[in-house]
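Please keep the sequence and the structure in view while reading.

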Amino acid sequence: MNTKPLQEETSLLRRENHGAVELLTLNRADKLNALNGELLDALMRALDELELNSAVRVVVITGAGRAFSAGADIAGFRPHLQAGPRQAVVHFMRPGQQLTRRIESFAKPIIAAVNGLAFGGGCELVESAHIALAADSATFSKAEINIGIIPTFGGTQRLPRNVGRKAAIELILTGRSFDAIEAVRLGLVNRVVPRAKLLEETLALANLLASKPPLALASALGAIHRG
């Protein structure tokens, strides 16, 4: 297998192919990888393409710079939010919900490599991923309450399924930040690794999954999701 990454640079989403594993990097480091409409669209298009690419068996999502994702780009979505509820649903809530549903129900394993802060919608990406590894420096927050909204990309449903009802309620209602050690204790992430080894260990796990029978993987994921 050719292990030399083949890179495709885009302004918002960087892609690297590692044989049977595709690495997607959120590439708005100057905005802490905040999720705007264009980035949500880029992720959806990449997943549509990868679903049909039989050579790719596992997808890894991570972030450029010091953040995994700071969440929804509220400044970018502000005109739609100010235009009223219908505009907010169509241009803000629905695209984010479609992406997290797409990740959660994807027929190939998706691993989140949480390299830094994962707040709001960024935390919802982690919740929707099938497996998550976090750098020891990663931080998390359900911060939406601090700006007067609730989690909009499905977090009110997924976080309780990840960490339990009472823990989710406390995190959502307080909006407090918590570290990777607490995230693994709660069950939001599978394990914590040194930041310098995050991608190495995530790709090793991804390659292990890629060695498994793909139809069995898809069947297991589908049964877990539908169940």
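**A loop residue and its surroundings**

V189 lies in the loop that connects α7 (180–186) to β11 (191–193). The model is a predicted one. With a relative accessible area of 4%, V189 is buried, because buried means under 20% relative accessible area. The points below set this residue beside the chain as a whole, its strands and helices, and its cavity and pockets.

**Contacts of V189**

- Leaving aside residues up to four places away in sequence, V189 touches V126, A132, A134, F140, A180, A183 and V184.
- V126, one of these contacts of V189, is also among the residues that line the largest cavity.
- V189 and A112 are 77 residues apart along the chain, and their C-alpha atoms are separated by 8.8 Å.
- A112 is likewise part of the lining of the largest cavity.

**The chain as a whole**

- The protein chain contains 9 helices and 11 strands.
- Of its 227 residues, 49% are buried.
- When contacts between residues at least 6 apart in sequence are considered, 68% join residues at least 24 apart.
- The chain exposes about 10800 Å², of which carbon and sulfur atoms supply 55%.

- Strand β3 (residues 21–26) runs parallel to β4 and is joined to it by 6 bridges.
- L26 has G63 of β4 as its bridge partner.

**The loop between β3 and α1**

- L32 is located in the loop between β3 and α1 (37–52), and N33 is found in the loop between β3 and α1 as well.
- L32 is not a glycine, yet it has a positive phi of about 55°.
- N33, also a residue other than glycine, has a positive phi near 55°.
- What is the relative accessible area of N33, and is this residue buried or exposed? The value is 0%, and N33 is buried.
- L32, by contrast, counts as partly exposed at 23% relative accessibility.

- Helix α4 is mostly covered, with 8 of its 8 residues buried.
- These buried residues are G121, G122, C123, E124, L125, V126, E127 and S128.
- N207 belongs to helix α8 (residues 198–210), and its relative accessible area of 31% makes it partly exposed.
- Although N207 and A20 are 187 residues apart in sequence, they are 7.2 Å apart in space, C-alpha to C-alpha.

**The cavity**

- Rolling a probe the size of a water molecule over the atoms shows where empty space is left.
- The structure holds 1 cavity of 30 Å³ or more, and the largest cavity has a volume of about 40 Å³.
- The lining of the largest cavity has 8 nonpolar residues, with no polar and no charged ones.

- Two or more lining residues come from each of α4, β8 (131–135), α5 (155–163) and α9 (214–226).
- By class, the lining of the largest pocket has 9 nonpolar, 7 polar and 4 charged residues.
- The second largest pocket holds about 210 Å³ of space.
- Among its 14 lining residues, A70, A72, I74, G120 and I147 are the closest to its centre.
- The lining of the second largest pocket divides into 8 nonpolar, 4 polar and 2 charged residues.

How values were computed. Residues numbered from 1 in each chain as written. Predicted model: local features only at pLDDT ≥ 70, side-chain atom pairs only at ≥ 80, totals over all residues. Heavy atoms only, no water. 1 Å grid on protein atoms, 1.4 Å probe; cavity = no way out; pocket = protein on both sides within 12 Å on 5 of 7 lines; lining within 4 Å. Points joined across faces, edges and corners; volume = space filled by probe spheres on them. Nonpolar A, V, L, I, M, F, W, Y, C, P; charged D, E, K, R; others polar. Helix = DSSP H or I, 4+ residues; strand = E, 2+ residues; numbered from the N terminus. Buried < 20%, exposed > 50% of the residue type's maximum accessible area, 1.4 Å probe, protein only. Contact = heavy atoms within 4.5 Å. Areas by Shrake-Rupley, 256 points an atom, 1.4 Å probe, with all protein chains shown as cover. Pairing = 2+ DSSP bridges.
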